[in-house]
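Hello,

Here is the structure I promised to pass on. Have a look at it first, and then read on for my notes.

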Amino acid sequence: MNMYEIIEKKKLDIPLTKEEIYYFVNGYTKDEIKDYQVSALLMAIYFNGLSLEETYYLTEAMINSGDVIDLSKINGIKVDKHSTGGVGDTTTLVVGPLVASCGVPFAKMSGRGLGHTGGTLDKLESIKGFNVELSIEEFIENTNKIKISICGQTGEVTPADKKLYALRDATATVDNLSLISSSILSKKIAVGADALILDVKVGSGAFMKTVEDAEKLSNMMVSLGKKFNRNTMAVITNMNEPLGYAVGNSLEVIEAVNTLSGKGPKDLTELCLSISSKLLLLAGKVTREIDARKLVEENLKNGAALEKFKELVIAQGGDVTYIEDTSKFKISKIKKDIFANKDGYIKSINALEIGEASKNLGAGRETKESQIDLGAGILLNKKIDEYVKSGDLLATIYTEKENIINEISNDVLKSFEIGEKNKDPYKLIIKEI
Ligand code: URA
Ligand code: CA
């Protein structure tokens with residue numbers, strides 16, 4: 001077997017065998033196969049695709065390329081959620097405590113923000129003292145004790161994906177369904193949850209620009225998850241505006257606390273209730289979604305979910321008075337209001353552009369090494385389908401960078417599309433799979 005023959009086969013659209021897939025994944029991970037050959041193979045895969053079976057072996061090979069985290073010592077059916085990259089997406093910080101308050105273990109290894117999307121670890125670090133670097137033993141112990149733990153990845157998980165993802169990024173081969181599915185699922189399965197819900201974003205801020213593509217990706221990932229014996233579901237959700245009002249680390253934690261207190265934005269609250277209900281179903285806590293929904297609504301109302309979030313903060317060394325009094329969060333000092341420049345309905349708020357603007361204000365990273373300003377970001381004041389008059393407040397931006405404030409203000413203003421009323425009202429949850 002050699003790489004030339006594997007490329008030739010995929011070029012002619014002949015399915016690859018398990019052995020061939022393992023050969024290139026392992027060879028590439030160990031630097032024994034060169035970038036140029038893998039690039040050519042990726043492009044052949046891009047054009048000719050992979051079957052579900054080939055995608056399964058690719059995923060398996062990537063899982064086996066590194067450490068596989070063993071969470072079998074956590075009691076009960078552990079659930080996890082993954083979003084394909086939203087803007088202002090604070091759902092993990094609400095869904096985690098909410099399902100944990102219902103007795104379902106939420107053991108999540110999370111990531112940091114990169115580019116226009118934020119990361120849960122950065123958000124949590126805006127709570128003074130919160131420690132995201134747990135050992136596997138601490139992670140397991142916390143989850144067994146209080147049903148929730150959130151930390152960064154330990155060990156070396158899916159090194160093959162790291163290399164392949166970087167190469168795909170440089171060779172215009174990211175947007176292939178099999179490559180995306182195997183990349184996401186390999187990471188999720190390697191970190192050990194039993195049941196998984198995938199929040200597949202569609203729209204301006206997302207990888208998938210059409211519902212049709214999002215549906216194909218969801219079907220592929222759900223089938224793949226099931227092949228690995230993980231109870232998997234997907235929801236396709238709209239990213240034609242950011243989720244909730246807050247974009248930026250401290251701002252989003254405050255929004256999460258408000259949501260856990262039953263005073264959150266309507267869209268964020270609805271998505272969190274919906275995802276949490278499904279997780280209770282997947283975990284076998286209840287058998288009917290309507291019962292799950294009752295439970296999660298109840299725990300949002302009676303304060304149990306907020307109480308669980310406080311337990312999480314205390315267990316991981318954070319200062320819980322931040323949660324009791326959110327005015328303690330440090331918000332960047334320089335503040336500027338953005339006003340509408342005409343009358344009309346808000347047709348869309350470009351989530352990608354808002355995410356970029358928030359990053360440029362200091363809330364996100366250009367590269368993995370960039371320092372971020374946890375207090376920077378954007379607070380929207382209007383959402384899709386609202387009517388505004390010229391001079392109405394659309395959003396407020398927060399930063400420590402005086403020199404960029406005018407440029408970013410313009411970017412934020414441009415991300416609001418104002419005009420005729422949309423034909424159909426905005427629908428957040430588009431489809432469940
Ligand atoms: N997110 C991932 O982790 N991998 C992809 O390929 C796309 C999105
Ligand atoms: Ca938000």
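**Domains and how they meet**

In this predicted model, 14 residues of domain 1 are in contact with 16 residues of domain 2. On the domain 1 side, the elements that give two or more residues to that contact are α3 (35-48) and α4 (52-63). The largest share comes from α4, with seven residues.

For orientation, domain 1 covers 3-63, domain 2 covers 79-157 + 168-324, and domain 3 covers 329-419. The centres of domain 1 and domain 2, taken over C-alpha atoms, are 31 Å apart.

**Confidence**

The average pLDDT of the protein is 94, and 100% of the residues score at least 70. For the complex, the predictor gives an ipTM of 0.92 and a pTM of 0.92.

Is β4 enclosed or open? Eight of its eight residues are buried, so the strand is largely enclosed by the rest of the structure.

Strand β1 (residues 79-83) runs parallel to β4 and is joined to it by five bridges. One pair to look up there is histidine 82, whose bridge partner in β4 is leucine 198. β4 also pairs with β5 in the parallel sense, over eight bridges. Here aspartate 199 stands opposite valine 235 in β5.

Is leucine 217 buried or exposed? It has 26 C-beta neighbours inside 10 Å and therefore counts as buried. If you want a distance across the model, the C-alpha atoms of leucine 217 and glutamate 353, 136 residues apart along the chain, are separated by 24 Å.

**Two open sheets**

Next, please look at an open sheet of four strands, which has the order β6-β9-β11-β7 with antiparallel pairing. The edge strands are β6 (246-247) and β7 (334-339), each of which pairs on one side only. β6 and strand β9 (residues 377-380) run antiparallel and are joined by two bridges. Within that pairing, alanine 246 stands opposite leucine 379 in β9. Helix α16 (residues 351-363) packs on this sheet, where it touches β6, β9 and β11 (393-399). The direction of α16 makes about 135 degrees with that of β9.

Another open sheet is built from three strands in the order β10-β8-β12, again with antiparallel pairing. Which strands stand at its edges? They are β10 and β12 (416-419); each has a single partner strand, so one side of each is left without a neighbour in the sheet. Strand β8 (residues 344-349) runs antiparallel to β12 and is joined to it by four bridges. The bridge partner of isoleucine 346 in β12 is isoleucine 418.

**Two residues with positive phi**

Finally, two loop residues deserve a check in your viewer. Asparagine 229 has a positive phi of about 60 degrees although it is not a glycine. It is found in the loop between α10 (211-227) and β5 (231-238). With 9 other C-beta atoms within 10 Å, asparagine 229 is exposed.

The other is aspartate 385, also not a glycine, with a positive phi near 75 degrees. It lies in the loop between β9 and β10 (387-388). Aspartate 385 has 15 C-beta neighbours inside 10 Å, so it counts as partly exposed.

Enjoy exploring it, and write back with any questions.

Best wishes

Conventions: Residues are numbered from 1 along each chain as its sequence is written. Chains are lettered from A and ligands numbered from 1 in the order in which they are written. This is a predicted model: local features need pLDDT of at least 70, side-chain atom pairs count only at pLDDT 80 or more; totals for chains, interfaces and linings use all residues. Domain bounds come from an automatic or database domain assignment. Two residues are in contact if their C-beta atoms, placed from the backbone, lie within 7 Å. pLDDT is the predictor's confidence in each residue, from 0 to 100. Two strands pair if DSSP finds at least two bridges between them. Axes are lines fitted to C-alpha atoms, for helices over the stretch in contact, and angles run from 0 to 180 degrees between N-to-C directions. A residue is buried if 20 or more other C-beta atoms lie within 10 Å of its own, exposed if 12 or fewer, and partly exposed in between; C-beta atoms are placed from the backbone.
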